Amino acid sequence: MAGGDDSWRPLARPLLIPIWVVIGVFSLLPVLLMAVYSFLTKEFRGGVEWDFTLAAYDQFFVTRGLFGDEPAQIEWTYITIFWRSIWQALICTALCLLIGFPTAWFIATRPAQSRGIWLFLITIPYWVNLLIRTVSLKFLIRDNGPLNEGLMALGLINDPLPLVNTNLAVQLGLFYSYLPFMVLPIYAAVERYNFALSEAAADLYASRWTTLREIVLPVVKPGLIAGCILVFVPALGAFLAPDLLGGAKTFMIGSLIDEQFKGSQGNWPFGAAASMILMTLVLIVLVFYARAASREGAA
Amino acid sequence: MTAAVHLQDVVKRYGSVTAIHGVSLTIADNEFFTLLGPSGCGKTTLLRMIAGFEVVTAGEIRLFGDDIARLDPNHRPVNTVFQHYALFPHMSVIDNVAFGLKMQGLDLAARRTRAGRMLEMVHLSHFADRMPAQLSGGQQQRVALARALAPAPKVLLLDEPLSALDLKLRQAMRVELKTLQQETGITFIFVTHDQEEALTMSDRIAVMSEGRVQQVGSARDIYETPDNRFVADFIGETNLLEVDVHSVTDGRASMTLPGGHPLTCPSASATPGRHALSIRPERVTIAATGELKATVDRVVYLGTDLQVLSRLADGSPFTIRLQNAARTTIPEAGATIGLHLEEGAARLLAD
């Protein structure tokens, strides 16, 4: 071989050890722990007993009546919560995409020196703790909050809009929390976009709308998909917004899991099982995306 | 006959900066027309205004008689070959070529047939299903050409299309472009800063500088009879001398060269006074009988040619080009030589 210095090769494996330790301790171990816990028996006042059982998964999917003596039926309670969570996360992703794309486009097409300022403005709220921001949002939209007071003062409404404890409020909270995760990756993609492509499309008789659909969106697609994943996955598991802005009817998976690990009412194996089911769902989505992406790459 | 493209007093301003100062040009149908000039001269801005990517500040752009100056680019029947190709990266070669046809509403079968024919024309048929990133620069260039020609535009605009290619490929593409233009009969408007490119391909050339057209003419016109100092200096190599014109009689100007040597040369419109005189290095021969004397500084060997760098009596630099033929006697550095100017070698310039 010409010129290559291979003397470092025997060192390659030892040098990788720190990375494996980090991945092992911070990524694989917690997941493994969660997987093991989901098959253990619940102990009162939290914690687990080392008794292998499928009880947690059984509780999630199956019901045998209030006293456990009826024939097994599908338990809809938790599936409904999951379904609501997925639905909320999907709507949140769609909203973020709808608002995030024009925002990212706007920033990416500003002169280079002012882009930094716009990005800074987008990220400013993130310097404040999510909990504080969510509580503030609640103050903003509650019955005697500035939004309702303002609308009433303007005479647009007579009674305050019942916003708190609704799906709409939860949605608002999710949207507000995750919008930047949509804007930033799309911004990165649009910033790299070669605007000569849009000129070429217009030159070849494409209207603005067609250019957007046929050229711009397909070319910046990796940014759109990255943004959607970055919004969908945390929105699916979110518990602050549903806890603080929602009520019993807006319960989401995040809150369900959160409750299982709190105080004496908790149920660690059940919480672990719900987490495993949630993770499986997310993994399925990611695998579908990865396969679609690799198919495209091969074409 | 109606001109393919007619520009009338076209002005482009960006805020307080004027990029194009009232350009008027008439480009005939079927012509290979080149906008030539150094970077920043406004040639690309002018082309982009014809394409519709830049809005004219004032003036008319007529395409076969119709004023198109205020139409959006997608409503102008002209197509562009972009400097860096601008191929759609997510589409195969054939889909790139067929894009304009799709926008024109042709059905799939018709699109495939015509796009296939275009690829054949640029010798890329077997690359139809590749992605642009899998092609070399020269191949991408030809795809861009096929894509722009596919919708059969009335006028094809080319924005420095060869500048990103290496020398050999560039030379081959020049011949190919010229052939293509003659075969298709489409008017080509070609933008370049490369004078060799302009001289070899164009029917006519507009030399531009600082947002103005300096001269329009055939390659021979602008090379041999430059109108002004800029054109003479920009096109090819020349000796520019400051001369004093004493008198003009019967279309001939009498003048004194730096160093005191007298000279007369044809001039239609010169007035007495100080002027620039252009003498092409290859129109001068070294002859013992030559009355204009120069001292040789250095001889540069260029293969086919020899470049003799010398100085006139007053010290102004003067270059002579000799063919490297067997009979050529090469002057020695330091020698004093006599120069003989052929009739028509010198041209008096307007400023």
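Predicted model: local features only at pLDDT ≥ 70, side-chain atom pairs only at ≥ 80, totals over all residues.

Reader: What confidence does the predictor attach to the complex and to chain B?

Author: For the complex, the predictor gives an ipTM of 0.84 and a pTM of 0.81. Chain B has a mean pLDDT of 91, and 99% of its residues reach 70 or more.

Reader: Why is chain A called more spread out than a compact globule?

Author: Chain A has 299 residues, for which the globule rule gives 19 Å; its radius of gyration is 24 Å, well over that value, so the chain is more spread out than a compact globule. Its C-alpha atoms fill a box of roughly 80 × 75 × 35 Å along the principal axes. The chain contains 12 helices and 4 strands, and 29% of its residues count as buried.

Reader: How many helices and strands does chain B have, and what share of its residues is buried?

Author: Chain B has 8 helices and 20 strands. Of its 351 residues, 41% are buried. The C-alpha atoms of chain B occupy a box of roughly 75 × 45 × 35 Å along the principal axes.

Reader: What makes up the side of chain B that touches chain A?

Author: The contact takes 17 residues from chain B and 15 residues from chain A. On the side of chain B, the elements that give two or more residues are β6 (78-81) and α2 (93-103). The largest share, 3 residues, comes from α2(B). By class, this side of chain B has 10 nonpolar, 7 polar and no charged residues.

Reader: How do you know where α7(A) is kinked, and how does its span compare with the expected value?

Author: The bend is the angle between axes fitted to the seven residues ending at a position and the seven starting there. At A:Tyr178 in α7(A) there is a kink of about 45 degrees, shortly before the proline A:Pro180.

Reader: Why is B:Ile320 called buried?

Author: The criterion for a buried residue is 20 or more other C-beta atoms within 10 Å. B:Ile320 has 24 such atoms, and therefore it is buried. This residue lies in strand β18 (residues 317-323) of chain B. Not counting residues up to four places away in sequence, B:Ile320 touches B:Pro281, B:Val284, B:Ile286, B:Val308, B:Ser310 and B:Leu339. The C-alpha atom of B:Ile320 is also separated by 6.2 Å from that of B:Glu282, 38 residues apart along the chain.

Reader: What makes the phi of A:Tyr205 and of B:Phe64 worth noting?

Author: Most residues other than glycine have a negative phi. A:Tyr205, in contrast, has a positive phi near 75 degrees, and B:Phe64 has a positive phi of about 45 degrees although it is not a glycine. A:Tyr205 is found in the loop between α8 (196-203) and α9 (208-237) of chain A. B:Phe64 is found in the loop between β4 (58-63) and β5 (66-67) of chain B.

Reader: Are A:Tyr205 and B:Phe64 buried or partly exposed?

Author: A:Tyr205 has 21 C-beta neighbours inside 10 Å and therefore counts as buried. B:Phe64 has 16 other C-beta atoms within 10 Å, so it is partly exposed.

Note on methods: Residues numbered from 1 in each chain as written. Chains lettered and ligands numbered in written order. Contact = placed C-beta atoms within 7 Å. Nonpolar A, V, L, I, M, F, W, Y, C, P; charged D, E, K, R; others polar. Rg over C-alpha atoms; globule rule 2.2 N^0.38 Å. Buried ≥ 20, exposed ≤ 12 C-beta atoms within 10 Å, placed from the backbone. pLDDT = per-residue confidence, 0-100.
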